[in-house]
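Thanks for coming. Please have the structure open while I go through them.

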Amino acid sequence: MTDPTLIRNFSIIAHVDHGKSTLADRLLELTGTIEKRAMKQQMLDSMEIERERGITIKARAVSMDYKAADGKQYLLNLIDTPGHVDFNYEVLKSLQACEGALLLVDASQGVEAQTVVNAHLAEQANLSVIPVLNKIDLPHARPEHVAMQIEDAICLPAEDAIALSAKTGLHCEKILESIIKLIPAPTGDPKAPLQALMFDAVFNDYRGVVIYVRVMNGTIKKGDEVIMLGTDKEHEVLEVGQLRPDMVASAELAAGEVGYVVANIKTLADVIVGDTVTHNDLKLRGEVLEGFREPKPMVYCGFYPTVPSEFDNLRKSLEKVRINDSSFTFEPETSDALGFGFRCGFLGLLHMEVIQQRLEREEDMDIVQTAPSVRYRIKLTTGEMKEIHSPSDLPEGNFIEEYLEPITRVNIVVPSEFIGAVMKICTERRGAYLSTDYYGKERVMLGFRIPFSEIIFDFHDQLKSLTRGYGTMDYEVEGFEGSNLVKVRILVSGEEVDALSFLTHKDNSEERGRKILKQLRKEIPRHQFEVALQAAIGGKFIARENISAMRKDVTAKCYGGDISRKRKLLEKQKKGKKRMRMVGSVEIPQKAFLSVLRSDD
């Protein structure tokens with residue numbers, strides 16, 4: 001058992017691409033946790049998607065031994081966190097298991113939107129925050145200037161900032177000594193009743209669910225009978241150990257330590273991230289720890305198996321991913337067009353994309369994904385409030401008194417020369433201006449209230465192109481407000497296709513309806529009869545496209561001669577096409593659904 005006074009638990013928080021994983025690599029090297037020959041870049045980013053995209057998606061824990069300048073051997077538990085706003089929940093979970101955090105800022109780019117948000121999260125969790133300036137080896141780095149930005153934006157003294165280069169290893173050893181001096185040791189009693197906070201879990205085909213815990217009080221060892229207080233499930237501990245970064249078994253985990261527990265958990269539903277693990281014996285049982293604030297999914301879309309018989313396999317795959325990513329939710333649903341599937345909830349569009357790719361790569365699932373939509377609320381004429389995740393959930397229009405849509409507080413950090421461009425794009429998206437805060441003379445943070453449906457698609461891309469890549473944003477959903485929304489129905493040959501219907505603001509309805517019809521027109525093959533594509537709001541049609549019929553040239557055999565002969569043949573053909581339209585049905589290929597549902601329109 002390690003003396004709690006010699007343990008330090010910390011995480012690295014920063015904006016995306018400011019060098020968190022690179023700094024973690026240097027700390028692993030400096031403490032000798034990983035041998036040089038086994039070292040690779042972004043060591044803790046183990047997922048194929050993470051390495052491919054160059055971003056951290058999952059928080060990863062690792063334990064390191066370090067002999068400090070005072071001659072004592074310390075145990076450092078690091079949790080590396082993601083930087084993208086869509087994985088904010090991973091940061092929130094990690095901070096609950098720590099006493100301190102390294103706030104990393106790129107010395108060439110300065111304070112960004114997510115830097116400010118992560119700093120506030122650390123403050124709310126009462127952590128000791130150490131400001132760190134990374135990438136000082138770059139020719140355009142401005143460490144003194146950025147240190148002042150940190151002081152202006154986050155109120156951390158500029159002189160406390162540690163300047164280093166995680167890539168070259170310059171001054172990285174200063175970090176380790178600062179962690180020992182500035183981050184407090186965990187306060188926990190190894191002899192008290194067991195209280196362990198489960199901050200993550202992974203599924204292993206051979207060992208069941210492996211849970212990652214931070215022991216707050218007490219001790220857990222092999223052979224203990226434990227209970228999960230959230231699910232009331234009992235298990236026997238088969239192995240405990242530390243992550244270095246692979247699993248290394250140890251005799252026990254005591255108060256203040258971070259590690260893993262294998263307890264032969266075969267049922268995925270038995271595990272809830274944020275749960276408290278304690279001894280099963282009532283005399284030794286600890287109190288429930290305050291878990292995590294449950295994340296509320298903001299973006300919804302449907303996942304359907306391309307082959308209906310794969311429905312059960314898709315359910316199992318979703319359960320496995322959910323164990324590893326507790327901010328993702330799913331529930332079964334049916335669609336007239338796509339059959340049986342699941343309505344899934346995500347924290348953002350990148351989160352949705354990552355889950356879809358994980359299902360395809362890790363679980364080898366072939367899925368159809370519907371268009372992403374945000375959650376709306378409706379006030380019924382009875383006064384009841386109802387939450388809507390897809391247009392098919394909507395009741396008849398005469399029962400709806402008011403539509404309410406989610407409103408976000410968006411903070412955008414840009415160089416001051418781009419204020420005009422940002423104002424323009426935000427007002428075009430129905431945004432309301434809130435505030436302007438200057439960080440020094442060059443950078444400014446603009447606050448807006450914008451409907452969530454306006455920012456989930458291409459808002460970030462437009463912001464980047466208008467600000468030449470310098471603009472960064474962060475958003476938080478503040479609540480719901482009444483709005484002039486309409487349900488646009490898509491009809492093919494007079495039949496409504498529920499999978500293509502959507503909710504939108506009345507001002508944008510005609511344009512969006514027309515774009516969808518144009519896309520469908522390209523994808524639906526021509527039939528023997530004319531096919532009408534229509535977009536309607538209630539009983540009023542707002543757009544129409546026609547797919548012309550395939551025609552045989554019936555007049556080809558007439559060489560000259562009387563025109564009435566040609567007319568007679570064309571009229572005969574016309575009657576046949578009319579009869580065909582009455583009995584024929586339009587087949588919409590899967591490709592047509594995908595082209596519409598995956599397009600940003």
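By the distance rule used here, the count comes to 26 salt bridges. Bear in mind that this is a predicted model.

Take Lys135 and Asp106. They form a salt bridge, with the closest N and O atoms 3.2 Å apart. Lys135 sits in the loop between strand S5 and helix H5, while Asp106 belongs to strand S4, so the pair links distant parts of the chain, 29 residues apart. Is Asp106 buried or exposed? Asp106 has a relative accessible area of 1%, so it counts as buried.

Next, Arg207 and Glu239, where the closest N and O atoms are 2.5 Å apart. Arg207 is partly exposed, at 28% relative accessible area.

Glu387 lies in strand S23 and Arg377 in strand S22, so the two parts tied together are 10 residues apart in sequence. Glu387 is partly exposed at 33%, and Arg377 is partly exposed at 28%. There is also a network: Glu90, Lys93 and Asp200 are joined by salt bridges that share partners.

Now the helices. H7, residues 311-324, packs against H8, residues 349-361, at about 125°, with the axes 11 Å apart. The two are therefore oblique to each other, and the crossing is right-handed. H7 contributes Ser317, Leu318, Val321 and Asn324 to the contact, and H8 contributes Ile355, Arg358 and Leu359. Those residues divide into four nonpolar, two polar and one charged.

Terms used. Residues numbered from 1 in each chain as written. Predicted model: local features only at pLDDT ≥ 70, side-chain atom pairs only at ≥ 80, totals over all residues. Heavy atoms only, no water. Axes fitted to C-alpha atoms, helices over the stretch in contact; angles between N-to-C directions. Helix = DSSP H or I, 4+ residues; strand = E, 2+ residues; numbered from the N terminus. Parallel < 35°, antiparallel > 145°, perpendicular 65-115°, else oblique. Left-handed = near helix turned anticlockwise from the far one by under 90°. Contact = heavy atoms within 4.5 Å. Nonpolar A, V, L, I, M, F, W, Y, C, P; charged D, E, K, R; others polar. Salt bridge = Lys/Arg side-chain N within 4 Å of Asp/Glu carboxyl O. Buried < 20%, exposed > 50% of the residue type's maximum accessible area, 1.4 Å probe, protein only.
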